[in-house]
Amino acid sequence: MKFADFAARADEIEAETADLEITALVRALFEDANDDLPIVARFVQGRVFPAWDSTTLDVGPNLCYEAIARAAGPNVDADDVESRLAETGEIGAVAASYEFGGQRGLASFGTGGRDGLTVAEVDRSLRGLAAAEGSGSQDRKVDVLFGLFNRSSPAEARYLARLVLSEMRIGVGEGTVRDAIAEAFDAPVEAVKRALQVSNDYGRVAELARDEGEDGLERVRLEIGRPVQAMLAQAGTVADALEAWETVAVETKYDGARVQVHFDGDDVAVFSRNMEDVTDALPEIVAFVEENLREPAILDGEVVAVEPRPDGDGVRPLPFQEVLRRFRRKHDVGRMLEEVTLWLHAFDCLHVDGEDLLDAPLVERHERLTDALADGVSKLTLTDDPEEIAAIEEVALEDGHEGIMLKNPESTYSPGRRGKNWLKHKPDVETLDLVVTGAEWGEGRRAKFLGTFLLSARTPSGYETIGKVATGITDEKLAELTELLEPEIESQRGKDVTIRPSTVFEVGYEEIQRSPTYSSGYALRFPRFVSVRADKDPADADSLERIERLAESR
Ligand code: AMP
């Protein structure tokens, strides 16, 4: 296909505003692209390389302006290009506003004539340009671009400039390309979508749909070394999770940078959330994976900056800004390695030992992860008990993590999707300070500890109950609270005790609801023990009036 043809089609697409029409135009373009289909499928999205490939042209705007200026003739310089850009605001329009060498010579140049650029030629030149490295590479890049602009008509120059700067802007998104592939080659949209998720290569998928149909698309497998888009989470509450699923898979939410780790048995590659290759910046993660991963695999996880605990017992996480000092670093990797230590927490497994696991349920993927990786696997707890979830969150926060993740144990791995199967739950921004007015003795091994605490809000005349909180984490904590509150016991009936209002707990919660269960007329949904407010007296605790206000303001 001539590049001039591609440019003419791109013009038509850009002029169209209706989505269906745009898809139809892209479809027609794909049908006519013949051998150039893979290239055209990328070019319409402003890409030279497939999405999984982090290779870039590494051409900054200035370099592009310089090439345009040179092709525009001796009277034009990069400043002139920039000032036209300031006027039009768009590099394609600027490039199209010059007369390049092509038009000064043969009329057929750049309009699809014998010597006009082809799509394949532009692709080849740009790939060659991306590969240029080392001293003088910038000059060589300008030379290559100059050569291309010099042979371009205004229409071609418009799209060449946009392609070079990855700003195609003709209104063709990933969904349009997906639908156009399905329509052009009569393949089910779902099959195209899946193949795209797995391969992240629109060019290859378009070609497979055309040449091998649905069967070909279904045979697309993950490939070690080619990153996949990460599955994403939504914010959600414990109530959402318990309502949606019978059991919830609960896990620490680590505060670091997302990584996808690929190991082919010999070499490790690490990719960022945006599928960028960050391997060279993370040598200790590479070494850790080489040492601990028993099989070729693709893992999903979070890299967290850590420091030794002051008591010498293991490490604790540092704020995620610390990770950023290491991530994507190209220089001084060795020096920064000494300043910031990174740990891998792997929480998912997409592929192991030749088998794709995207369609396997989370619990199975996690088991395979545990089998494959000797260390650094996140702990996944299955539970339907809100108190256990609160306890896991308490431990996670106490250990310095960000919160918890609530996941559907049955869910498959959906690359790139921010679905409802992964919910992130960070601690409640708002907490209440409530007075402990009662408690219950524990059971079995914990019979000697006070376990569940009755909480009350202050009123002008006394206290009204509003909820119960179970701290149930460590025996140590229970022993501490029992020691604090046992002397305050006023009376006992069975396992229930009443406690003299003396102690204030800081408590997190998801919601305040009206409820007949407690004397205040309100109940806390999913209360979570945060701390003992030793600095507060019951008189400083939150009043029922404030609680009413909070409940009504939602
Ligand atoms: P956010 O960045 O706030 O949208 O939260 C989602 C991010 O949390 C994910 O993209 C991961 O980088 C990160 N994360 C931390 N721990 C986990 C975990 N256990 N499971 C999934 N994602 C996690």
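In this tour, a buried residue is one with under 20% relative accessible area, an exposed one has over 50%, and a partly exposed one lies in between (1.4 Å probe, protein chains only). The model is predicted: local features need pLDDT of at least 70, side-chain atom pairs count only at pLDDT 80 or more, and totals for chains, interfaces and linings use all residues. Residues are numbered from 1 along each chain as its sequence is written, and side-chain values use heavy atoms, with hydrogens and water left out.

**First stop: helix α21**

Select residues 544–552, which form helix α21. Helices (H or I, at least four residues) and strands (E, at least two) are DSSP runs, numbered from the N terminus. The buried residues here are L544, I547, L550 and A551. Viewed down the axis of α21, they fall within an arc of 120 degrees, so they line one face of the helix; the arc is that of the directions from the helix axis to the C-beta atoms. On the face turned away from the buried side, look for the exposed residues E545 and R549. Next, display β12 (431–441), β13 (450–459), β14 (462–470), β18 (511–514) and β19 (522–525), against which the buried residues of α21 pack. Contact means heavy atoms within 4.5 Å.

**Second stop: helix α9**

Move to residues 137–150, helix α9. At 1.5 Å a residue its 14 residues should span 20 Å, and the end C-alpha atoms are 20 Å apart, which agrees; the expected span is 1.5 Å times one less than the number of residues. Colour S137, K141, V142, L145, L148 and F149, the buried residues of α9. Down the helix axis these fall within an arc of 140 degrees, so they line one face of α9. Their cover includes α4 (61–72), α6 (91–96), α8 (119–131) and α10 (154–164).

**Third stop: the cores**

A nonpolar core is a set of buried Ala, Val, Leu, Ile, Met, Phe, Trp, Tyr and Cys residues joined through side-chain atoms within 4.5 Å. Select F30, I68, L126 and F149, which have the most contacts inside the largest core, a set of 87 residues. The largest share of this core, 8 residues, comes from α4. Domain 1 (47–164) and domain 2 (232–425) both give residues to this core, so it lies between them; the domain bounds come from an automatic or database domain assignment. A second, separate core of 32 residues includes L293, V303, F327 and A346.

**Last stop: A305**

Finish at A305, in strand β5 (residues 297–308). A305 is buried, with a relative accessible area of 0%. L318 is 13 residues from A305 in sequence and 5.3 Å away in space, C-alpha to C-alpha.
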